[in-house]
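Please examine the model shown below together with its sequence. The paragraphs that follow lead through it by region.

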Amino acid sequence: MYYVTTPIYYVNDRPHIGHCYTTLLADVAARFARLIEGPEASERVFFLTGTDEHAEKVVESAKEHGMSARAWADRNAAEFRKAFETMGFSNDDFVRTSEERHKSRAAAYIQKLIDSGDIELGDYEGWYDPSQEEYITETVAKENDFKSPVTGKPLEKRTEQNYFFRLDKYGDWLKAQIETGAIRVLPEQRKNEVLGRIRQGLQKVPVSRRVKEGDEDWGILMPGDPEHRVYVWIEALSNYLTTVDTEDRRRFWPADGDATIVHMMAKDILWFHAVIWPCMLHALGERPPSAVYAHGYWIREGRKMSKSLGNFIEIELLEAYIERYSLDGVRWYLATQGPMGANDADFAHKHFVETFNADLANGIGNSASRVGNMIGKYLGGELTRTCNGEFGLPGGKALGIALTAREAAGTAVDDPERSFDFAASASAAVERAQSALGRVALHEALAQGQALVQEVDDFISYCAPFTLAKRLDEFEHADKALATILYSCAEALRIASLLFFPACQHKMSEIWRNWNCSALNDPDDPDSGFKAPLEELARWGGDWSLRAGQRIEKGEALFMRADVNEDPPVAK
Ligand code: ME8
């Protein structure tokens with residue numbers, strides 16, 4: 001089982017690049033996992049995103065807009081759904097914390113923690129960050145001059161009678177879980193930060209707020225105490241479990257056994273996910289997540305994005321990029337150039353265009369159209385041979401004949417001994433992509449398809465099929481050699497396209513339609529399932545390989561080369 005989640009986003013805000021980015025990463029992970037599983041995917045992979053609705057700042061921004069919290073949340077949750085459709089996300093569910101299915105189960109978890117003594121009543125005084133809706137420690141408050149470390153807004157000293165979660169009981173357990181890798185905190189640098197803070201000791205955390213007049217019906221009341229409301233963070237975290245805590249989905253969060261549970265987010269909310277949530281789960285008698293992945297931040301043209309600078313990349317700007325460069329182009333740029341590691345990443349237009357051209361237009365796009373063109377021109381659009389039997393590569397006869405043709409044309413290569421072994425490269429690429437997914441290293445997984453494309457390009461330059469094509473009459477079996485070489489190129493690109501698919505589902509489906517590949521149930525619907533697991537689909541010379549007699553249509557250019565000098569798109 002593979003279960004991947006994103007943060008659930010506050011509905012006081014409109015969707016922007018940050019929300020789209022984390023959800024894209026989860027989408028790429030889910031699509032990889034489904035590809036690996038094949039026909040069993042819908043049974044074995046689950047991808048969840050959604051919205052976090054009971055925050056005080058949602059109530060406040062609703063008031064500012066003269067709307068009820070419910071109406072405001074409805075409206076913005078719909079914006080998130082729409083944005084995620086625009087981005088081509090394949091989430092299996094979209095949870096809203098205002099839904100009854102979430103509220104009732106979250107309340108039941110709280111009740112259970114009260115019963116077990118893990119939640120208790122007490123007094124609390126501390127520094128509260130209203131802009132982030134969280135208390136922060138005295139040390140952090142001091143370090144930041146009593147301003148929010150995230151937004152820079154002033155902190156408030158608050159005293160409250162509160163319910164507390166006994167986080168302090170679980171420090172040793174948690175430390176051992178993280179140190180042994182039972183819970184992987186990723187990337188590595190984040191793990192050290194988290195462990196460092198855990199070693200300083202864990203304190204009880206407040207998990208309730210006093211109900212204010214007028215907001216009684218927004219949020220979840222503390223079971224048995226209608227004067228208190230469950231602190232929004234505590235119920236929000238539980239969405240990951242409430243949504244799958246049903247008979248038909250419980251397999252994604254089993255007591256133990258085979259399930260990889262991955263939480264994706266940015267570094268701002270790592271503490272909640274790597275510390276508070278695993279301890280809550282442990283106190284509830286549930287297993288903790290397998291991995292908590294906290295990426296960095298997108299910044300824009302070298303500057304932090306903020307409300308006050310008004311420079312957020314909102315969904316409308318992404319739409320303008322999609323319109324000009326295609327959805328897959330935008331997905332590829334974000335997924336491969338984003339702040340996947342510990343560092344922030346800059347969304348800079350020039351960099352976008354460079355990446356788009358290098359990886360897509362001049363990369364897989366060009367390679368696929370070159371190979372398609374040659375098959376059209378030299379083989380009448382039909383693969384006439386495979387590379388089995390007499391003409392096996394590497395170092396096979398076909399390559400030898402091509403090199404002889406180059407020699408005759410006076411363009412001989414320097415290293416005639418160089419060998420190409422696509423079968424081996426393809427299976428290594430697939431293996432590396434699978435292992436990268438296991439480490440949540442999605443950019444590394446995506447790089448594997450690119451490496452194969454590069455190898456095809458190198459191979460074409462090396463054996464120069466266009467030269468051979470001009471000298472078919474001069475050498476025995478030259479026509480067969482040409483067909484074999486082109487077959488190898490196409491087959492390697494077919495396998496590369498599988499590895500591009502999790503980020504570029506539409507364009508890869510387009511290749512498969514043009515090339516008459518049938519690995520998808522429905523090539524017109526990139527969300528339809530695969531007919532076999534990746535390992536079989538990607539096997540060189542396997543059941544899903546290109547065959548002799550298969551028609552290869554050239555199709556249109558997958559990615560139009562972008563003009564570096566054109567002005568950046570603007571949001572409508
Ligand atoms: O924190 N770069 O919701 P939120 C990259 N409701 N990612 C960014 C980003 C940026 N500049 N800005 C935001 C909450 N994000 C809580 C979560 S979960 C139980 C509750 C992304 O709407 C990133 O994923 O403030 C970050 O963690 C998240 O949006 C915060 O979303």
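Asn343 is exposed, with a relative accessible area of 59%; exposed means over 50%, buried under 20%, and partly exposed in between, for a 1.4 Å probe and protein chains only. Asn343 sits in the loop that links helix H13 (327-337) to strand E15 (345-347). Helices (H or I, at least four residues) and strands (E, at least two) are DSSP runs, numbered from the N terminus. Although Asn343 and Gly296 are 47 residues apart along the chain, their C-alpha atoms are separated by 5.3 Å.

This is a predicted model, in which local features need pLDDT of at least 70 and side-chain atom pairs count only at pLDDT 80 or more, while totals for chains, interfaces and linings use all residues. Residues are numbered from 1 along each chain as its sequence is written, and side-chain values use heavy atoms, with hydrogens and water left out.

The ligand may be considered next. It is surrounded by 23 residues, the closest being Ile8, Thr22, Asp52, Asp268 and Trp298; a residue is near a molecule or strand if one of its heavy atoms lies within 4 Å of it. Strand E1 (2-10), helix H1 (17-37), helix H9 (232-237) and strand E12 (260-266) each contribute at least two residues to this shell, and the largest share, four residues, comes from E1. The shell comprises 14 nonpolar, seven polar and two charged residues. In this classification Ala, Val, Leu, Ile, Met, Phe, Trp, Tyr, Cys and Pro count as nonpolar, Asp, Glu, Lys and Arg as charged, and the others, Gly among them, as polar.

Several polar contacts, that is, pairs of N or O atoms within 3.5 Å, can be traced here; within protein, one atom must be able to donate a hydrogen and the other to accept it, and residues adjacent in sequence count only if both atoms are side-chain atoms. A polar backbone atom of Ile8 is 2.8 Å from a nitrogen atom of the ligand, and a backbone N or O atom of Tyr10 lies 3.0 Å from a ligand oxygen atom. From the side chain of Asp52, an N or O atom is 2.7 Å from a nitrogen atom of the ligand. The ligand taken alone exposes 680 Å², of which the protein buries 92%; accessible areas come from the Shrake-Rupley method with a 1.4 Å probe, and for residues only the protein chains shown count as cover.

Helix H1 also holds Arg34. With a relative accessible area of 16%, Arg34 is buried. Not counting residues up to four places away in sequence, Arg34 touches Ala41, Val45, Phe47, Ser90 and Asp92, where contact means heavy atoms within 4.5 Å.

Attention now turns to the nonpolar cores. Such a core is a set of buried Ala, Val, Leu, Ile, Met, Phe, Trp, Tyr and Cys residues joined through side-chain atoms within 4.5 Å. The largest one has 124 residues, of which Leu334 and Trp515 touch the most other members. Helix H19 (residues 478-500) gives the most to this core, with 16 residues. Another core, of 69 residues, lies apart from it and includes Val58, Ala73, Val207 and Phe272.

Leaving aside neighbours within four places in sequence, Trp515 is in contact with several residues, among them Ala490, Leu493, Leu546 and Arg551. Arg551 itself lies in the segment after helix H21 (534-537) and is partly exposed, at a relative accessible area of 37%. Its side chain reaches the backbone oxygen of Gly380 at 3.3 Å. Arg551 and Asn514 are 37 residues apart in sequence and 8.3 Å apart in space, C-alpha to C-alpha.

Ser509 belongs to helix H20 (residues 505-514). Its relative accessible area is 1%, so Ser509 is buried. Beyond neighbours within four places in sequence, Ser509 is in contact with Phe501, Leu520, Pro523 and Pro526.

The peptide bond from Leu186 to Pro187 is cis, with omega near -10 degrees, and Pro187 lies in the loop between strand E7 (184-186) and helix H8 (188-199). Phe146, although not a glycine, has a positive phi of about 55 degrees; Phe146 is found in the loop between helix H6 (138-143) and strand E6 (156-165).
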